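The sequence and structure come next.

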Amino acid sequence: MKVQLLDLDAQYRPIMSDIRHEMDKVLSSHQYILGPAVKDFEKQMQEYLQVKHAIGCANGTDALVLALKALEIKEGDEVITTPFSFFATASCIYRVGAKPIFVDINEKTFNINPDLIEKSITKNTKAIIVVHLFGQAAEMDKIMAIAKKHNLYVIEDNAQGIGCKYDGQYAGGIGDIGTLSFFPSKNLGCMGDGGMCLTQSDDLGAKLRQLRTHGENPKYFHKWVGLNSRLDTLQAAVLSVKLRHLQTWSEARRANAAKYYELLKEVKDIKLPYIHPKAESIYNQFTIVTEKRDELMKELQSKEIGCAIYYPLPLHLQECFAYLGYKEGDCPNSERLAKQVLSIPIYSELPEEQIRFVADTIINFYNK
Ligand SMILES: *Cc1c(COP(=O)(O)O)cnc(C)c1O
């Protein structure tokens with residue numbers, strides 16, 4: 001039985017005519033750059049995530065660069081972040097000329113360990129970028145308290161956690177700026193690239209809007225050097241249609257996760273995702289931990305079950321960051337988990353019989 005890691009066609013088919021209808025409206029409006037569909041979608045996101053300002057941009061990576069620029073992080077500054085994330089979480093710091101400082105993760109949640117942050121703070125530290133990895137909110141209460149105590153900004157890289165909450169509050173709207181990605185494999189994905197910044201601050205909201213169009217205001221007058229980074233109007237139209245279904249999709253992912261927890265609970269050799277009592281997950285990934293990761297991966301692949309390693313090499317050990325001087329052993333949890341994690345299919349439309357097949361395959365592997 002073939003099981004895909006993600007089946008975008010299963011998501012597209014039921015909403016195909018709605019999407020085409022909205023795209024058609026954009027095509028015949030000829031308002032392709034920051035057209036009305038962008039404004040409408042931004043407003044819908046403000047309502048959905050209970051945030052004052054939502055500013056669409058070209059992708060999730062740019063959203064992070066825009067956030068750092070809005071907070072005026074620059075050369076000489078240090079930004080603390082996690083080494084266990086997608087590359088963009090750290091490359092954005094490099095892009096504004098600042099220095100990434102990596103703090104290891106909590107081995108259970110995969111998110112930055114707040115208890116390790118303070119000893120990495122120096123007089124140059126300006127901000128912390130937290131990631132809500134695999135869809136689970138990081139420990140925002142502890143992180144916000146540390147930031148307040150040391151007068152640091154907090155950016156939430158929420159590319160994987162749209163709609164998840166921490167202690168009842170939507171992730172992305174807790175720190176100074178939150179960022180989203182609408183890359184097709186995210187829980188809310190468009191049909192190309194797209195991203196967004198979120199903020200509760202009127203000042204930062206206005207600044208982010210300005211920065212995404214070259215920092216200009218009024219037109220042709222530039223107070224800052226910004227980016228050319230706008231959410232495409234066609235993508236905004238697609239996203240508006242998909243947003244109507246996001247809550248249902250997230251619940252379906254949670255229901256799929258519940259099935260795995262039940263089916264796999266007896267397997268002693270794997271750790272199932274741990275969710276912190278104050279956090280929620282929208283399960284962008286369902287990531288298990290096992291010492292026999294490579295063998296299990298081979299077994300799943302031989303049965304045509306999609307699976308993937310997020311991520312095989314932590315960011316502090318990437319070649320492009322060698323100049324920072326990190327070495328093996330500096331972030332032991334991230335390094336060990338990079339060798340032990342495996343993400344298995346969890347997407348909303350995943351049929352129950354396929355979930356059972358994946359679980360049975362894993363159970364049989366460990367019973368061999
Ligand atoms: C996907 C992702 C990004 C980048 O998003 P793009 O839209 O692909 O630029 C940033 N951070 C994390 C954690 C991601 O998963």
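Which residue follows α6, and is its phi positive or negative? In this predicted model, α6 is followed by asparagine 151, with a positive phi near 60°.

**Helix α6**

Helix α6 spans residues 140-150, and its buried residues are Met140, Ile143, Ile146 and Ala147. Viewed down the axis of α6, these buried residues fall within an arc of 130°, so they line one face of the helix. Lys148 and Lys149, on the other side of α6, are exposed. The packing partners of the buried residues of α6 are the strands β4 (125-131), β5 (153-157) and β6 (165-166).

**Ligand surroundings**

There are 15 residues around the ligand, and those that come nearest are Gly60, Thr61, Asp157, Ser181 and Lys186.

| Residue | Atom of the residue | Distance to a ligand oxygen atom |
|---|---|---|
| Glycine 60 | backbone N or O atom | 2.7 Å |
| Glutamine 160 | polar side-chain atom | 2.8 Å |
| Lysine 186 | side-chain N or O atom | 2.6 Å |

Taken alone, the ligand exposes 380 Å², and the protein buries 94% of that area.

Conventions:
Residues numbered from 1 in each chain as written. Predicted model: local features only at pLDDT ≥ 70, side-chain atom pairs only at ≥ 80, totals over all residues. Heavy atoms only, no water. Buried < 20%, exposed > 50% of the residue type's maximum accessible area, 1.4 Å probe, protein only. Helix = DSSP H or I, 4+ residues; strand = E, 2+ residues; numbered from the N terminus. Arc of directions from axis to C-beta. Contact = heavy atoms within 4.5 Å. Near = heavy atom within 4 Å. Polar contact = N/O pair within 3.5 Å; in protein donor to acceptor, adjacent residues only side chain to side chain. Areas by Shrake-Rupley, 256 points an atom, 1.4 Å probe, with all protein chains shown as cover.
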